[in-house]
Structures are given as structure tokens and as C-alpha cells.
Amino acid sequence: MAHGQGREPGDEADSLPALLEGASRGDDTAWRELIERYGRRVFALAKSRCRNADVADEITQSVFATVATKLRQGLYTEKGRFESWLFRVTMNRVRDEVRRVRRQPVAPDSGAALEREPDRGAGGTGAGAIDLGALRRAMEELSETDRDIVELRHHAGLSFKQMSDLLDEPVGTLLARHHRALRKLREIMEREGVRGEGAPERGERAAAAERDHG
Amino acid sequence: MDDGVAMNHTHESEPNLRLADDLPALSEREARLMEDALDRLGTAEGRSAPSGLTERVLAATRSHLGPRVAARIDRGGAAAAGRAWLTPLRAAAALALAATVGIAVMAARSEPPARVARAEPPPGVPQFERDIELWVAIADAPAGDLAAQLSTLSADTAALRDNLAANSGTVDLWSEEGAM
């Protein structure tokens, strides 16, 4: 799974308390490890929403500055929920930036680098592969609520339990919303005339869904 | 785009959920493909960060961790002893004071100094260090607290208590005579 997302290996989860303890004591090595572990995920979430690498970089720095301050002052109290807390801080920064941009727009990146990402399908051969650029454009048409869930799940890499802690919503509700967001994305992409290779037509899809769900 | 779903992040109304149910169903295979693509999109977004992200974040946040970051680096493993609060200079002063107390008590009773530690000692800490901790705490206590501290001393250190009281609650750590 991409960037060890929330379903992180047991050893990473086990070492997190030690890293937080070390960072709170000013241990440079522990702090660096935390940044290396979570920096790109924070950046990915910020970049997905703000569409600008420089802005996402600044948000990432701001988020970790807040985390560092809270750790040093002993104000981090959400034991066992560090990732939920970290990405709550990130979401707040992102929303602040989105509000600011609405007043003073910042030019989004061209997305050329993202477009060049190799598009490998689940089978490694492109079968059923989905165009990432089209998917990103489709995400921009989602509501903020749906987009939050998708980005927290697939960009920040949080588990549904962590998202539940962050958003203060039941896991079941988030599962349902997540699935609905996937259906919306599919609908948007089909409307734009984009679908993966081998993806069935709507009628075939309905039949397949019936078979899957009995 | 507002597709009818409320923009409130904590609550969505029933009518909006029913509207969303008009969407075509998604097979398990399609759902997995979509999730896989979203994961790859997330990875791609993370990889799109300009190189040196960690170094930039470190540079921007090091000061937020406070001066202990640099100090800890300079001192290397010196803090590993677990007594970081007791600087070498302060430790020498405390040792001198404790030695003086011990001599005074032994001279008065020809017995080994009684233990004066009242607080529950940390496990595994030698008795000598516990005595040092108590005397350093007394020496550091504000003048107003000193009377309370002094009242807890055992009879074996009565001579020192009288001397400290005579000095209006101040103790000169640098002078053996002051401790007497």
C-alpha cells in the first residue's frame, strides 16, 4: 500500500511513542525520523487540495512547527492518536489556505509531473488502469466533505479508525461516505468520457454489481 | 462543486444522502481499482515534493523544539546518565555539603550519618544520591519554604538545622563553613 498508509507496519507503530518522547526532549534524531515518516504524507494532502507545491511545502513546514511546539511544551496529550492529531492540524492549515486562496488566488501547478507518473494497473499491465490526471480532476469536483474522506484515506494514508477520531464520525458512516465518494468519482469520470481500459459499460457494471452482491 | 451534499464537515442531512444513492453501483473489483488508483495518486502527490523536503522542514522547525536540541547534540551521550538536571558544578557543591553534614553528624554521635531523605526515593538510586537530592532541594528552596523543609530533618542533623536557621535560611554552597 502506498506510503505505509495508516496500516503501518507493527514496528513503526511500536517506535512512535519513543520518537515522540525523544522529540519532546529535543532529540534531533527523533524529530528528523518523525519528519521523514510523515512529511510526504502531509505534503501529499496539502498538495492535493492546494494544487501548488510551494504552498504545500509551506503548509508542511507550518504543520510540523505546530507539532514541534506542542511536543516541546508538553501539550500533546492524544496518546495513541498521533496520526489523527497530525492530520487534523494539517486539515486546519489546508482549510485556512483554501479560504485565503479564495480571496487571493494562487496559480496551481501545471500538474505535468503528476501526469507523467506511470499509470500501472492492478495487474501491472494497465488492464483496468485509471488515468491519474483524470482522477485528480474528478476529485476537484467532489464536495469538500467527500474530498476530505478520500484525501485522508488515500493521500494521508489514514485508517478509517483514525479518520473517525479525526472527524469525530462513526467508522460506519465514514465507510459509507467513502464508498459513495468512489461512486461519484466514477460517475464524474464517465461523464467526462474517461474510464479505465477494460472497465465495463454501465449496463455491464450493473449486472456485475448484482452478481457481486447476490 | 456542490452536488447537494452539505458543506458542513460534521453532519450531512438525510435528503442529501438519498440523492447520492442515485449513483450507479460500484462492483467490488471497480472499487478496488478506484482505491488503488487513489493510492497511487496520493503517492504521486507525495513524490512531487521538491527534493530536500525533510531538510527544509527540519530547518524551519528546529527552533520550535527549543535550545535543548542543540545542547543535546553538543553533549552527545552525557545526558544518558539520567541525572541531566544535576550539573557537574552543582553536583560538586552538593557533594561538598553532604560530606560536611556527614562529618558533623559523625563528630556529634560517632555514628554514620542518619538518612534524612523523607521523600520516597526513586528505585535503584543509591542512598548517597538521595541525600544529595534532599540537600540540593533544601538549598534551592525559596526562603519561605525553608522553614518547612527544616522542620522535617531528623534529630541526627539538629546541629546543622540550628546553623541554617541562624543564617536566615540561606546556605552558601561554596563554603563548607556556611553549611556548618
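**Labels and their cut-offs**

Biologist: Why is A:Ser48 called buried?

Modeller: The relative accessible area of A:Ser48 is 2%. Buried means under 20%, exposed over 50% and partly exposed in between (1.4 Å probe, protein chains only). A:Ser48 is therefore buried. Please note that this is a predicted model, in which local features need pLDDT of at least 70, side-chain atom pairs count only at pLDDT 80 or more, and totals for chains, interfaces and linings use all residues, while side-chain values use heavy atoms without hydrogens or water. Residues are numbered from 1 along each chain as its sequence is written, with chains lettered from A and ligands numbered from 1 in the order of writing.

Biologist: What surrounds A:Ser48, leaving aside its neighbours within four places in sequence?

Modeller: A:Ser48 is in contact with A:Met139, A:Arg147, A:Glu151, A:His155 and B:Glu45, where contact means heavy atoms within 4.5 Å. A:Ser48 and A:His155 are 107 residues apart in sequence, yet their C-alpha atoms are 7.8 Å apart. A:Ser48 itself is found in helix α2 of chain A; helices (H or I, at least four residues) and strands (E, at least two) are DSSP runs numbered from the N terminus.

Biologist: What makes the pair of A:Ser48 and A:Glu151 a polar contact?

Modeller: A polar contact is a pair of N or O atoms within 3.5 Å; within protein, one must be able to donate a hydrogen and the other to accept it, and residues adjacent in sequence count only if both atoms are side-chain atoms. The two side chains come to 2.6 Å, and the pair is counted as such a contact. A further case is the side chain of A:His154 with that of B:Asp39, at 2.7 Å. A:His154 is in helix α7 of chain A and counts as buried at 1% relative accessibility.

Biologist: How do you know that A:Asp148 and A:Arg95 form a salt bridge?

Modeller: The term requires a side-chain nitrogen of Lys or Arg within 4 Å of a carboxyl oxygen of Asp or Glu. Here the N to O distance is 2.9 Å, so the pair qualifies. A:Asp148 lies in helix α7 (residues 144–154) of chain A and A:Arg95 in helix α4 (residues 82–103), so the pair ties together parts that are 53 residues apart in sequence. Both partners count as buried, A:Asp148 at 2% and A:Arg95 at 18%. These two residues also belong to a network of salt bridges with A:Arg49, A:Arg147 and A:Glu151.

Biologist: Which salt bridge does A:Asp28 form with chain B?

Modeller: A:Asp28 pairs with B:Arg62, the closest N and O atoms being 3.1 Å apart. The pair runs from helix α2 (residues 28–50) of chain A to the loop between α3 (53–61) and α4 (68–75) of chain B. A:Asp28 is buried at 13%, whereas B:Arg62 is partly exposed at 31%. Over all chains, the structure holds 25 salt bridges.

Biologist: Why is A:Glu58 called exposed?

Modeller: A:Glu58 is called exposed because its relative accessibility is 55%. A:Glu58 is in helix α3 (residues 53–72) of chain A.

Biologist: How confident is the predictor in chain B?

Modeller: Chain B averages a pLDDT of 65, with 36% of the residues scoring at least 70; pLDDT is the predictor's confidence in each residue, from 0 to 100. Residues 1–19 of chain B stay under 50, and over residues 69–81 of chain B the pLDDT is likewise below 50. The model scores ipTM 0.77 and pTM 0.58.
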